[in-house]
Amino acid sequence: MVDPEIMNHHPHPRPGGLTPEQHDGHAKENGPPGAFSACNGLVLEGPGAPAEETQAMLPCDPGGQRQPLETRLFLRRFVILAVFSLYSLVNAFQWIQYSIIANIFTHFYQVTSDKIDWLSMVYMLAYVPLIFPATWLLDKRGLRVTALLGAGLNCLGAWVKCASVRQDLFGVTMFAQVICSVAQVFILGLPSRVASVWFGPKEVSRACAAAVLGNQLGTAVGFLLPPVLVPNTPDDLDLMGHNISIMFYGTAAISTLLFFLTVLVFKEKPKVPPSQAQAVLQDSSPEDYSYKQSMKNLFKSVPFGLLLISYGIMTGSFYSLSTLLNQMIMFHYEGEEVNAGRIGLTLVLAGMVGSILCGFWLDYSKTYKQTTLAVYVECLEFPKLLTGSAPSYVYINRQSVRTSFFMTGYLPLGFEFAVEITYPESEGTSSGLLNASAQIFGILFTLAQGKLTTDYNPLAGNIFLCAWMFVGIILTALIRSDLRRHNINAGIVKYEVKAVPVEGPAEPQLNGIVFHDQTSSSV
């Protein structure tokens, strides 16, 4: 009886390794021992390899065609994606809820504006040292454990904030924000992993975009709701504290609900992989995987290194803009916290549309490098935002839409591009490193742009970011676009899964996957 969750089913038996008898029979039919024979992209080797090396290879039918591994799609994938996106939304909301009403929290806690800026920058600061243990945990303990840690710490941080609504308890609210920032480490690296593990090759980019979308939507809500929930009442601090409490308790209640939903619906992986690329990875032995070797492979990859820096520049610019938006608006329009929130909402909503359209475009075209380059070029419009003397709100919103459509749409694009050029390395590891780069650049850019905005004007800070984005364009143009995952799914690359030592393999290999390229998607 067919499982009602199954959407697509390709009824091909999932193989183990070839037995010696099968291997000998194949050798008799296709050539002498030691000869190489191609079977629709799969290389079968003779007995020249060491005896301890086992092979789990796709068998060939009598006609010499490769038999695909079994793949299926389950309806549960949409529930998992929705729950992940929602608790990612709440975490992003908690990141920006202080900065968008920085003048109000400055007055309530009687601290300087740079202290409030650190409530945002702590998210970036915590990510950098914790990303390595977090990605190790994702690789070793899996998707479910990582998701539970992210949702659980997010919930805990929200409840600690509820105990910080007193003027002398700024330290408590900072501690709560540190907890939320640790939760973020277990959230930001998951979109590409969730998409790859649960979604098919024709929808994986859209799924990654939707997962990133939750975080962007949280930023949008964080721009919109705090100015409405906590209006500026400088003459009534009791009312201000009451309004802050309402915001904190509401966030804690929603975080608790989402934590329990995560416990109920999150599974490690589907019973049957959704794509050939995942099937090949799952056929390899877990003992073949080395986190240390994976990190070495990533840092030795020149294309990934270039993407690492260019992604950090673009996303760090977005983080800096989001953190300092209130201060830039207040520079021209005092007392316009609500309008600052609306402009921030416009920024993120336009970016959400850009993310979704990028996902659809990538699933259709697979033009990762060209799209990345086009997005970067369009973001050079950035200096027109909040420049000169008191630009009109219509002008600011128009430029916000154009800038954020491309800038925020870049986030899932960078994740998916990294997975393609680093396959079969862990999606969580590559995404984690990209996010670490973004946090480092975000801290540096926020400090530098904040100083330029305070000492001079928003124009000086925006030109600073524009100069860095021009560097990002040059780096992106130098990336060699080798779409490894796409080539596996399309069957245009030779590959096999081998239990080989992680140090000193006889052939170029990446954690047990040996590639024999027939064609290249380089641009």
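# Salt bridges and helix packing in a predicted model

User: How many salt bridges does a search of the whole structure find?

Analyst: This is a predicted model, in which local features need pLDDT of at least 70 and side-chain atom pairs count only at pLDDT 80 or more, while totals for chains, interfaces and linings use all residues. Residues are numbered from 1 along each chain as its sequence is written, and side-chain values use heavy atoms, with hydrogens and water left out. A salt bridge is taken as a side-chain nitrogen of Lys or Arg within 4 Å of a carboxyl oxygen of Asp or Glu. The number that a search of the whole structure finds is three.

User: How many residues apart in sequence are the parts that the pair Glu203 and Arg77 ties together?

Analyst: The side chains of Glu203 and Arg77 meet in a salt bridge, with N to O at 3.0 Å. Glu203 lies in the loop between H7 and helix H8 (204-229) and Arg77 in helix H2 (residues 76-96), so the pair ties together parts whose separation in sequence is 126 residues. Helices, here and below, are DSSP runs (H or I, at least four residues), numbered from the N terminus.

User: Are Glu203 and Arg77 buried or exposed?

Analyst: Buried means under 20% relative accessible area, exposed over 50%, and partly exposed in between, with a 1.4 Å probe and protein chains only. Glu203 has 16% relative accessibility and therefore counts as buried. Arg77, at 4% relative accessibility, likewise counts as buried.

User: Which residue forms a salt bridge with Arg166?

Analyst: Arg166 is partly exposed, its relative accessible area being 48%. The closest N and O atoms of the salt bridge are 2.7 Å apart, and the partner of Arg166 is Asp168. With a relative accessible area of 54%, the exposed residue is Asp168.

User: In which helix do Lys451 and Asp455 both lie?

Analyst: The side chains of Lys451 and Asp455 meet in a salt bridge at 3.3 Å, N to O. Lys451 counts as exposed at 52% relative accessibility, and Asp455 as partly exposed at 43%. The two are four residues apart, about one turn of the helix, and that helix is H17.

User: At what angle do helix H5 and helix H6 pack?

Analyst: Axes are lines fitted to C-alpha atoms, for helices over the stretch in contact, and angles run from 0 to 180 degrees between N-to-C directions. Angles under 35 degrees count as roughly parallel, over 145 as roughly antiparallel, 65 to 115 as roughly perpendicular and the rest as oblique. Helix H5 (residues 143-162) and helix H6 (residues 170-185) have axes 8 Å apart and pack at an angle of about 170°. That makes the arrangement of H5 to H6 roughly antiparallel.

User: How many nonpolar, polar and charged residues has the contact of H5 with H6?

Analyst: Contact means heavy atoms within 4.5 Å. Among the residues that make the contact are Leu153 and Leu156 of H5 and Phe175 and Ile179 of H6. Ala, Val, Leu, Ile, Met, Phe, Trp, Tyr, Cys and Pro count as nonpolar, Asp, Glu, Lys and Arg as charged, and the others, Gly among them, as polar. By class, the contact of H5 with H6 has 11 nonpolar, four polar and one charged residues.

User: In which hand does H2 pass H5?

Analyst: H2 and H5 have axes 10 Å apart and pack at an angle of about 40°, which makes H2 oblique to H5. A crossing is left-handed if the near helix is turned anticlockwise from the far one by less than a right angle, and right-handed if clockwise. The crossing in which H2 passes H5 is left-handed.

User: What is the crossing of H16 with H17?

Analyst: The axes of helix H16 (residues 410-422) and helix H17 (residues 427-455) come within 9 Å and cross at roughly 130°. That makes H16 oblique to H17. The crossing of H16 with H17 is right-handed.

User: How many of the residues of helix H7 are buried?

Analyst: Helix H7 spans residues 191-198 and is largely enclosed by the rest of the structure. The buried residues of H7 include Arg193 and Trp198. The count of buried residues in H7 is eight of the eight.

User: Which residues are in contact with Leu373, leaving aside its neighbours within four places in sequence?

Analyst: Leu373 is placed in helix H14 (residues 368-378) and counts as partly exposed at 24% relative accessibility. Leaving aside neighbours within four places in sequence, the residues in contact with Leu373 are Ile473, Thr476 and Ala477.
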